[in-house]
Amino acid sequence: MRYLPQTPEEIKKMCAAVGVSSPDALFDVIPQNLRLQQDLDLPAPLAEAPLLAHLKGLGRVNANVDSMAAFLGGGAYHHYIPVLVSTLTSRGEYLTSYTPYQPEISQGTLQAIFEFQTMIASLTGMDLANASNYDGASALAEAALMALRITRRQKILVSTATNPQYREVLHTYLKNRDFEIEEIALQPDGRVDLSDLQSRLKGDVAAVCLQSPNAFGVIEATQAVAQLAHDNGSLMVGCFSEALSLGLLKPFGEVGADIVVGEGQSFGNFLNLGGPYLGLFATKEKYVRQMPGRLVGETLDANGKRGFVLVLSTREQHIRREKATSNICTNQGLCALATVVYLSLMGPKGLERLAQINFSYARFLRDQLTAIPGVTLKFTAPHFNEFVLQVPGEPKALLAELAAKGILGGVDVSQWAPGLENGILVCATEMNTKDQMEQYAQALREVLA
Amino acid sequence: MNCPKDLKYTSEHEWVSLDGNTALVGITDYAQDQLGDIVFVELPEEEETIDQGDTFGVVESTKSVSDLYVPLSGKILETNDPLLDNPGILNEDPYGDGWMIKVELSNPDEIKELLEAEAYEQLIKEEGA
Amino acid sequence: MTAREGPGKRGMIFAEPTIFERGAPGREGFSLAQSEVPLHDPAKEIDASLLRSEAALLPEVSELDVLRHFTRLSQWNYSIDTGFYPLGSCTMKYNPRVNEEVARMSGWAKLHPHQPQSTLQGALELMYLLQKFLAQISGMDAASLQPAAGAQGEFAGLLMIRAYLQDQGNARTKVLIPDSAHGTNPASCAACGYEVVTLKSGAQGILTPEVVAQAMDEEVAALMITNPNTLGLFETHMAEIAKIVHDKGGLVYCDGANLNAIVGKARVGDMGVDVLHFNLHKTFTTPHGGGGPGAGPVAVKKILEPYLPNPVVMRREDSFAFDFDRPKSVGRVKAFYGNFGMFVRAYTYIREMGAVGLREVAERAVLNANYLRKKLEKFFHLAYPQTCMHECVFSDKKQSAYGIKTLNIAKRMMDYGYHPPTIYFPLIVAGAMMMEPTETESLQTLDRFIWSMEQIAKECETSPETVKAAPHVPKVRRLDEVKAAREPKYIYKAKG
């Protein structure tokens with residue numbers, strides 16, 4: 001077996017050195033009745049060529065965003081990934097290295113994370129960022145817990161227009177603590193209802209969590225929400241699921257957010273059916289000790305040379321155990337590497353231009369689709385690269401008919417919030433051609449005819 | 001390890017210096033030595049009322065963290081704020097400039113529970129063994 | 001190369017500033033297609049107060065700048081591809097490249113999580129089979145792949161225990177954890193609102209039934225145990241201990257971190273375990289990636305199946321589907337379906353190895369560890385002398401006479417071309433050095449390593465100052481962590 005290097009001769013020699021008759025004898029410490037008496041029931045092993053053929057074949061059973069015209073967003077976005085991203089993330093020195101607990105021989109990972117932290121802090125307008133969390137949804141939940149620790153209050157307000165999966169994860173994380181979650185209502189234009197928010201802001205509210213662009217692609221009045229939160233002594237937690245919007249929109253940090261979290265997949269990470277992605281997590285320096293997750297800092301070595309180390313480990317589980325800020329152990333190392341490489345390539349101009357292209361494509365597609373009789377735009381407030389269409393008929397059936405025509409037409413959001421029974425969330429990115437968008441409109445016309 | 005005779009001690013490695021109805025509290029020379037370079041200190045709010053056995057703060061080195069336990073109940077009159085910006089003082093002068101809180105005692109009977117220097121020296125000898 | 005040489009120590013090491021100190025205003029590293037539609041000016045539609053007014057701090061560099069920068073950085077990393085990692089409890093084994101090839105295929109990497117399930121049948125089949133494989137390997141009844149990492153698996157597992165006990169009428173308040181446990185265990189308990197009760201390991205390094213019986217009462221929700229434990233020892237009394245816990249109505253959680261030692265040889269499901277998490281990056285060879293991403297599927301016995309995190313994949317008559325209709329589920333712990341890219345790699349590995357291959361993994365991993373134990377005990381104090389499983393724990397007891405501590409030995413190993421072992425863990429061994437060679441390392445590698453450790457042991461006696469000042473060879477010397485903490489710099493700031 002190519003991954004098991006010992007030859008029969010060597011095994012004999014090693015057994016002799018250890019003083020056992022066979023490797024199996026080493027398992028005599030396991031009581032006999034607990035040992036497997038036969039081999040596991042698994043398929044027969046495959047050599048590399050048939051293994052690749054099998055997996056290629058099974059993968060081909062799936063349609064993918066290259067084989068169909070895809071207009072899907074809703075928390076995961078189809079963007080172009082420059083070749084160089086894979087070139088670098090495939091390097092064994094990154095791919096197969098351990099967590100950088102030994103800084104002298106992990107400077108590559110550490111410096112890359114330091115650069116990542118710098119870029120994310122700058123993009124979000126915050127003082128600092130951590131080395132990443134699991135994904136946007138769990139990052140939001142961790143941000144809420146952090147706000148509860150800082151304020152010592154009991155309640156989290158979260159906008160109804162937050163991605164429902166994020167809200168669900170928030171509930172999972174908070175449910176066994178003595179904390180409450182309340183949802184803030186939406187106004188008809190697709191943004192948070194400020195008067196509803198105001199009425200819920202009481203002395204027990206630790207934080208207001210606002211996603212923008214929100215689950216429906218709509219850009220929120222972040223400044224006004226932050227103001228209301230702060231007037232109540234609550235923290236403002238900003239959130240996003242389409243990181244590309246950071247190229248165009250005012251960073252949450254500039255409107256005073258205390259914690260900013262979001263999904264970083266758009267920055268150079270494959271869609272991967274939903275993971276692995278990476279949670280971006282940024283905050284103000286004064287709250288750094290309450291932040292979960294790994295953090296890198298700059299320092300000097302014994303010769304006075306610049307170097308990087310993991311810092312504030314005393315917040316983390318391996319030292320603080322049950323008093324840690326979180327049980328999180330890992331970061332999304334390779335995804336963060338993909339992100340820092342991607343952002344280095346894009347630079348400030350590339351990111352801005354790409355965001356503008358997405359913004360413009362979404363408008364082109366929106367205009368094409370809403371020109372179809374019976375199809376209207378559900379929310380009128382400005383959106384980024386996705387928007388909700390109100391369609392005549394049941395979204396699920398409609399999307400199935402579009403899929404039959406080779407078009408992944410959007411996400412069925414009928415269950416995402418009240419009043420969306422006929423809602424489809426449609427997304428356009430730079431990966432959609434003008435032809436595709438026109439074909440989509442044509443197909444929708446036919447389906448509705 | 002230096003354990004001044006005029007101070008009283010706890011098994012959690014805090015020292016107490018009594019002056020009438022008030023007490024200064026800090027961490028011992030042994031404690032700072034065990035922690036190594038201290039990089040962070042958290043102190044309570046002044047005026048706060050604290051009970052014996054509660055935690056009143058935290059000291060951290062880069063690799064470990066210790067909660068600080070209240071040796072004597074009372075009200076916090078003063079905290080040694082320079083430590084917040086310069087936690088290294090705790091390593092340099094644990095019994096002097098490294099004092100942490102000044103407490104007005106609410107239950108002086110608790111003083112009886114503290115250790116004398118000899119008993120504390122014995123304790124750290126056993127811990128080190 | 002003979003055993004009397006290290007693997008080599010020093011190549012060309014380039015200096016490299018941060019990426020922000022490279023480049024020039026106006027330089028570009030991107031290649032964007034022209035917009036096919038007229039560009040809209042956002043300012044015409046969106047209020048200026050909502051638009052970015054200042055560009056973010058991103059570098060302006062060419063593609064070669066980026067390639068060279070990150071290639072140079074990579075050369076400062078130690079990795080499995082470049083050397084041996086005797087890193088206890090981390091199972092740093094070879095990461096097969098065929099897994100990477102597969103994971104990057106369009107049929108897997110380019111699946112959007114909102115695609116209709118009818119277009120994802122291959123992916124669903126793979127997830128369904130992986131669930132089944134993991135249940136088979138661990139002797140459990142069902143699995144959910146959702147948790148993003150081992151620690152999230154622990155969290156999900158404890159949530160299931162809590163929900164189950166709640167349905168029995170009392171969620172209870174405490175969880176028992178041995179003193180040798182990973183730090184994530186108590187942290188996960190806290191995240192689920194449980195109080196931690198620490199159990200003392202017995203003199204033999206394993207948990208005794210007496211200690212468990214004494215701590216076990218009607219307020220204990222679960223015992224959280226790692227088997228083999230972090231000392232590399234099999235918890236021989238596991239079945240008896242599980243019975244004690246079950247008799248008082250509690251459940252048994254197994255931290256699957258050390259599954260590599262027993263895969264194909266024994267199954268925790270046969271030892272009374274009710275819930276287990278897997279670390280796919282350990283036994284199932286998904287890459288560590290410098291700290292992630294991981295994947296932490298959970299497997300359970302029948303009684304906990306209704307509580308598995310959503311979704312699980314089920315088989316219908318002629319298709320596979322996500323099952324969300326599970327009212328007792330503890331819910332989601334992350335968005336979408338788990339770290340799918342890791343499932344593809346783990347599935348590929350299991351299909352390559354088969355049952356016999358996986359059994360041999362455990363046998364060789366344990367043989368390698370015992371070989372190291374036998375050869376190194378002459379030079380270093382062995383904390384527990386008995387036969388170990390996948391790892392063994394040494395300490396600095398012999399070397400401390402010369403003023404040398406574990407940290408010094410660990411750093412000196414770098415000079416010999418090795419990654420240090422896991423140090424100062426488990427906490428119950430003072431100055432611990434936990435070593436796990438894994439099954440993918442050859443006898444020659446082990447012998448060279450043993451030779452190096454012998455040299456270091458000698459140096460501790462003859463030239464302790466050299467050892468104390470280590471490492472001497474890596475790109476940077478010992479780093480000032482105190483400075484990093486007292487004068488924190490978390491991001492790059494331009495000078496001036």
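This is a predicted model: local features need pLDDT of at least 70, side-chain atom pairs count only at pLDDT 80 or more; totals for chains, interfaces and linings use all residues.

**Labels and their cut-offs**

Tutor: Start with A:R363, which is buried at a relative accessible area of 0%. Residues are numbered from 1 along each chain as its sequence is written, chains are lettered from A and ligands numbered from 1 in the order in which they are written, and side-chain values use heavy atoms, with hydrogens and water left out.

Student: Why is A:R363 called buried?

Tutor: Buried means under 20% relative accessible area, exposed over 50%, partly exposed in between (1.4 Å probe, protein chains only). A:R363 has 0%, so it is buried.

Student: What makes A:R363 and C:E45 a salt bridge?

Tutor: The rule asks for a side-chain nitrogen of Lys or Arg within 4 Å of a carboxyl oxygen of Asp or Glu. Here N to O is 2.6 Å, so the pair qualifies. A:R363 lies in helix α11 (residues 333-370) of chain A and C:E45 in helix α1 (residues 42-45) of chain C, so the pair joins two chains. Helices here are DSSP runs (H or I, at least four residues), as are strands (E, at least two), numbered from the N terminus.

Student: Is C:E45 buried or partly exposed?

Tutor: Partly exposed, because its relative accessible area is 32%.

Student: Why can such side chains pair at all?

Tutor: Side chains of opposite charge can pair when their charged atoms come close.

Student: What makes C:K334 and A:D135 a salt bridge?

Tutor: The N to O distance is 3.7 Å. The limit is 4 Å, so the label holds. C:K334 sits in the loop between β9 (320-323) and α10 of chain C, and A:D135 in the loop between β2 (128-129) and α6 (136-151) of chain A, so this pair joins two chains. C:K334 is buried, at 0% relative accessibility. A:D135 is buried too, at 1%.

Student: Which chains does the pair of B:E60 and A:R289 cross between?

Tutor: Chain B and chain A. The two side chains meet in a salt bridge at 2.9 Å, N to O. B:E60 is in strand β6 (residues 55-60) of chain B, and A:R289 is in the loop between β8 (279-283) and β9 (296-300) of chain A. B:E60 counts as buried at 6% relative accessibility.

Student: How many salt bridges are there between chain C and chain A?

Tutor: There are 13. One of them joins A:D24 and C:K265, with the closest N and O atoms 2.5 Å apart. Both residues belong to a network of salt bridges that also links A:D28, A:R35, A:D39, C:R359 and C:E363. Over all chains, the structure holds 55 salt bridges.

Student: How do you know that chain C and chain A are in contact?

Tutor: Contact means heavy atoms within 4.5 Å. By that rule, 197 residues of chain C are in contact with 181 residues of chain A. Together the two chains bury about 16700 Å², 64% of it on carbon and sulfur atoms. Buried area is the accessible area (1.4 Å probe) that two parts lose on being put together, summed over both.

Student: How many salt bridges are there between chain C and chain B?

Tutor: The count is 0. The area buried between these chains is about 460 Å², with 55% from carbon and sulfur atoms. C:E481, C:V482 and C:R486 supply 85% of the area that chain C buries against chain B.

Student: What makes C:N229 buried, and which side chain does its own side chain touch?

Tutor: Its relative accessibility is 1%, so it falls under 20%. The side chain of C:N229 makes a polar contact with that of C:E235 at 3.0 Å. A polar contact is a pair of N or O atoms within 3.5 Å; within protein, one must be able to donate a hydrogen and the other to accept it, and residues adjacent in sequence count only if both atoms are side-chain atoms. C:N229 is in the loop between β4 (220-226) and α9 (238-247) of chain C.

Student: Why is B:D93 called partly exposed?

Tutor: Its relative accessible area is 29%, so it falls between 20% and 50%. Its side chain reaches the backbone nitrogen of B:D97 at 2.9 Å.
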